[in-house]
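Hi,

Here is the structure I promised to pass on.

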Amino acid sequence: MSVEVITRPGVARLLQEHECVRILEAALRAGGAPPGAVVALTLSDDAELARLNEQHMGKAGPTDVLSFPLLPPSRFPAHVGQDTAPPEASDAFRLPPGEALNLGDIIVSVERAIAQAESGAGGQTSDVRWSPADELRLLITHGGLHLCGWDHADPVEEAAMRALERQLLGTDVTGSDLE
């Protein structure tokens with residue numbers, strides 16, 4: 001896989017770039033992304049996420065992570081709780097030889113990751129106190145799964161997504177290492 005990590009000026013560097021890549025690649029593999037796929041990961045701040053959240057989601061204020069998938073969920077393996085609509089004919093396009101498949105973009109507010117972790121409002125359950133770096137690891141994983149068609153609107157799919165996130169991160173919901 002090819003992951004481009006973009007860190008906006010002035011954004012805290014909680015993780016080394018190679019760790020961000022490793023975390024995202026693990027999430028993409030778990031989500032069924034094809035080998036050789038391309039993804040962009042942008043580490044940003046609350047101001048940019050608030051603007052994008054308003055523009056693309058119609059919601060005021062910042063959010064912690066936004067994913068912009070370029071492929072429909074039907075292009076990835078089915079998973080628990082997923083709406084398994086059959087692929088549409090438009091889903092089966094072919095790339096020119098040698099071209100990598102672009103899965104989309106993920107944008108994370110590092111500022112929000114720090115605030116959530118420090119206030120004990122992290123872990124996607126809003127009740128986990130752990131390091132800002134751990135919160136950023138979770139948000140990168142979460143964004144990667146979204147690119148692969150995972151969602152949390154349905155309670156069954158949400159439970160499956162949270163379990164997969166914990167498995168990939170090797171943590172339980174309190175942020176403790178699993179034995």
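This is a predicted model: local features need pLDDT of at least 70, side-chain atom pairs count only at pLDDT 80 or more; totals for chains, interfaces and linings use all residues.

Four strands make an open sheet, ordered β1-β2-β4-β3, and the pairing is mixed. At the edges sit β1 and β3 (65-69), each of which pairs on one side only. From one strand to the next the twist averages 15°.

If you want to see where the mixed pairing comes in, look at two of the strand pairs. β1 (residues 2-7) and β2 (residues 38-44) are parallel, with six bridges between them, and you can find S2 opposite V38 in β2. β3 and β4 (residues 102-109) run antiparallel and are joined by five bridges. There, P69 has G104 in β4 as its bridge partner.

Now for something to check by eye: which hand does the β-α-β unit made by β1, α1 and β2 have? With helix α1 spanning residues 17-30, the unit comes out left-handed.

Helices on the sheet

Helix α3 (residues 110-119) lies across β2 and β4, and runs at about 50° to β4. α4 packs on the sheet too, where it touches β2, β3 and β4, and its direction makes about 150° with that of β4.

Helix against helix

α3 with α4: the two axes come within 8 Å and cross at roughly 125°, which makes α3 oblique to α4. The crossing is right-handed. On the α3 side the contact has V110, A113, I114, Q116, A117 and E118, and these meet P132, E135, L136 and L139 in α4. By class, the contact of α3 with α4 holds seven nonpolar residues, one polar and two charged.

α1 with α4: the axes are 8 Å apart and the helices pack at an angle of about 40°. That again is an oblique arrangement of α1 and α4, and α1 passes α4 in a right-handed crossing. α1 brings E19, C20, I23, L24, A27 and L28 to the contact, while α4 brings R137, I140, T141, G144 and L145. The residues of this contact of α1 with α4 split into seven nonpolar, two polar and two charged.

α4 with α5: here the axes of α4 (residues 132-147) and α5 (residues 155-169) come within 10 Å, crossing at roughly 130°. The two are therefore oblique to each other, and their crossing is right-handed. From α4, the residues are R137, L138, T141, H142, L145 and H146; they meet M161, R162, L164, E165, L168 and L169 in α5. Six nonpolar, three polar and three charged residues make up the contact of α4 with α5.

Cheers

Notes:
Residues are numbered from 1 along each chain as its sequence is written. Side-chain values use heavy atoms; hydrogens and water are left out. Axes are lines fitted to C-alpha atoms, for helices over the stretch in contact, and angles run from 0 to 180 degrees between N-to-C directions. Angles under 35 degrees count as roughly parallel, over 145 as roughly antiparallel, 65 to 115 as roughly perpendicular and the rest as oblique. A crossing is left-handed if the near helix is turned anticlockwise from the far one by less than a right angle, and right-handed if clockwise. Contact means heavy atoms within 4.5 Å. Ala, Val, Leu, Ile, Met, Phe, Trp, Tyr, Cys and Pro count as nonpolar, Asp, Glu, Lys and Arg as charged, and the others, Gly among them, as polar. Two strands pair if DSSP finds at least two bridges between them. A crossover is right-handed if, with the strands pointing away from the viewer, the path from the first strand over the helix to the second runs clockwise.
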